[in-house]
Amino acid sequence: MMYPFWDVTTGYGILMACIAIVHVFISHFAIGGGLYLVVTEQMARRHNDEPTLAFLQKLAKFFVLVTLVAGVLTGVGIWFIIGLLNPLATEALIHNYVWGWATEWTFFVGEIAAALIYYYGWNKMAAKAHIIVGWIYFIFAWLSLVIINGILTFMLTPGKWLATGNFWDGFFNPTYWPGVIMRTGVCVMLAGLYALLVASRQAAGEFKARIVRYSVTWGLFGLALTTVVQRWYLSAILATLTTKVLPGPILALRSAAWLAIVIGGLLMLAWMLARRLPVIVAALLMLSGLAWFGSFESFRESVRKPYVITGYIYGNGVEVAKTDKYKKEGYLAQITYRTGDDGADLFRHACRSCHTLDGYRPLKPAFDGTDQKFIASIVRGAHLLNANMPPFFGTAAEADQIAAYIYKRIDQRPLDQIYPAADLGRQAFTIRCAKCHKPGTAHDKSKSFTGQSTDDLNGMLDNLPELAEGMPAYTGNATERAALVAYLQSLGKVAK
Amino acid sequence: MNLPNYEFLSAPIQLVTVLHLLTLSLHFLAMNLLLGGVIIVLIAGLRKQWDDPTLVKFVKLFPVAMAATITLGIAPLLFLQLVYHRQVYAAAIVSGWFWLLVPAVAVVVYYALYRTSLKGERTGKLSVPALLLALAGLLYISLTYSSVFSMAEQPKLIHDLYAQDQSGWVWNPATGDYLLRWLHMILGAIAVGGYWIGAIGKDSPVAFQTGKRFYMVGVALAAVAGSAYLMTVPGLMHTRAIWGLVVGIILTLGSLHLFFKKKFCLSGVLLLGSMLMMVYARHMVRLLRLADTYRPDSMRFAPQWGPFALFLVCFVVALAVVAYMVRLLTAKRA
């Protein structure tokens, strides 16, 4: 709240994902690819294997163009985007870990210099010197992973740091070691995948078969290492989580598991088609790898919710340490950059990091046809919703201001005028009840409606705030109420 | 709740400032080689002043200069938060889209430089369209930086602009505040580009003469633009910035003198020194303008000497290893 808020129509999550996923996909290759190049070059030079050396020179050119340009600049892009999207968390990370970042930068300097010398020195340097530079490159690149992993895993599982504030406690946190090993496995896998893309462009024949099978081995080894260590990584996360794991991260994890099977299958296919591996298979492997990384990073980001730094800063930039202050003084008193529209300012700082009105994770359809009182109840009880939402620590008046801001921008007609009668009950349930009581989830109440009469359910709707903390009062009109009651009865019959 | 407080400095502010200014100067040195070099090569190419092979030789250096510019630019970007606290980040958010376009434009510039470099290697010819594209991108990036950093010095302007528009499509309208400074930077880049062209092309009389001319003219014009800009900064004479400027000017003249005598290494050292002084003067001007709202030494100091020592050791080792690799690269040539 000490920074202006960048109010973009695009969702923050999408912006972050676009840059971050491309970056990690390239940066992990930048490490594994370096190892692939130097190990393979060493073997090729030992056996005077000219075709392999020619292939490696091509791969090195592709490697430099991809990693030094797109890899480095998407990395810089991450710096830019996190400063725009969550400047406070960025500030906290820099103040706590400036020497970690700075150390990583020294490795980065060495890595870039080595990459350039390795590429430009291919035909100029003595073989032994060239291989030394290749190893230096890989060591620097891997060391930068060793450092960055400490800060990334700190954000997910800060461990003892929350109590001690000690640099090393946060760095060597509960997911540090599984994170390092798992990401190393990913680097090796991606080295194989990228090499296959270059190999697929070779003329069909014996050499192509050899280099394809060799690269498939890298891919499979990396995939196996990643898969094995991922279990350790996940158990370390689950052991430290203080919030419930929601369907979103689980779905992302399942997608990653299925995509790992797809990658394994495609690698086997590449092995079988080694002599004539078509570019399309190699491209599919790359796409699967990218999708796998997308799913994994999506899991890592979403399992951390509602925090951006677990237990320390919420995703909307609200600081856990200042909750008492927020409750006492309200949010507005903490917002440094004001626009003159308090409702808009509150909406931005409390909700807008994750929700737009009608784009990414939209609120408009979630509140169309409701009223200000209902919206205010939902804002106040945000932490009770069927999602890991940051709690609202502002004052009741501020919740009303946010509700007024949203209400002005939604469809204010009653629900029975927005939706056809046949669908009204289901829509009313979705908007008013399913935010917490979605069928099939932990707070599914369908069974409790079994055998309830219309009067019973009307009585329940009249007394909702007394049923549980944070339940909003029912504020719909008579037509909507009748349709909702009928729908609740139908849910009860299904659950029976 | 008793959680760690992130509002602290893990090293003395003076130390962080020195690191910031030093890495920023190194970034400028590489950036000026790139920007100034591209301008000079383009002018020379368009006027058919040199033969293509000489131009191609310089163009081959540009991707490496770009890599150095980016790599050396990361460290000052990191220390920025500690030296100027929230100012630059706040200004960047107000101009969010323009700011975010910087790395995207840099990707285009980088590929354009590789394209012209690889084409030069293959055909021995210069790719003027690719160089023009790279120049346009570099000018955009430099102007965006000038706009955002100038806005960062004016907290009230940030508040006013944000109150009017929160979309991130806000360009700093106070152009009078930074256009002269931006021009000074471009002319300075041409001067430094001239130094590099002369130093690298010392064996070619045409290249050396061209470098010399651009170095001299660039310095003279940058001095005019810089002086004009400084006249717009009230209170400058009462700060240490003025001493930084004086020393910087002396070092520049010394560098020019040594350049004429073809003592390029010493000339380069003085040039780096003068750049460091200019960067220091700029830093002091920024603090002067922020004096009412921000004092860098006001933050709590909670040292992290262990991690700092790790950084220092790694920094020295990395530099030594880079020097070793350069030796390996040049050993074959010898």
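About 50 Å³ of space lies in the second largest cavity. A cavity here is a set of points, on a 1 Å grid over the protein atoms alone, where a 1.4 Å probe fits but cannot get out. Grid points are joined across faces, edges and corners, and a volume is the space filled by probe spheres set on the points. The model is predicted: local features need pLDDT of at least 70, side-chain atom pairs count only at pLDDT 80 or more, and totals for chains, interfaces and linings use all residues. Residues are numbered from 1 along each chain as its sequence is written, chains are lettered from A and ligands numbered from 1 in the order in which they are written, and side-chain values use heavy atoms, without hydrogens and water.

Lining residues have an atom within 4 Å of a point. For the second largest cavity they are A:Gly34, A:Leu37, A:Phe63, A:Ala114, A:Ala115, A:Tyr118, A:Gly134 and A:Tyr137. In chain A, α1 (12-46), α3 (87-120) and α4 (127-156) each give two or more of them. Helices are DSSP runs (H or I, at least four residues), numbered from the N terminus. α3(A) gives the most, three residues. Six lining residues are nonpolar, two polar and none charged, with Ala, Val, Leu, Ile, Met, Phe, Trp, Tyr, Cys and Pro as nonpolar, Asp, Glu, Lys and Arg as charged, and the others, Gly among them, as polar.

Now the largest cavity. Its space is about 90 Å³. α2 (50-85) of chain A and α3 (62-84) and α4 (87-94) of chain B each supply at least two lining residues. α2(A) gives the most, with four. The lining includes A:Trp79, A:Phe80, B:Tyr89 and B:Trp99.

Definitions and conventions
On a 1 Å grid over the protein atoms alone, a cavity is a set of points where a 1.4 Å probe fits but cannot get out, and a pocket is an open set with protein on both sides within 12 Å along at least five of seven lines; lining residues have an atom within 4 Å of a point.
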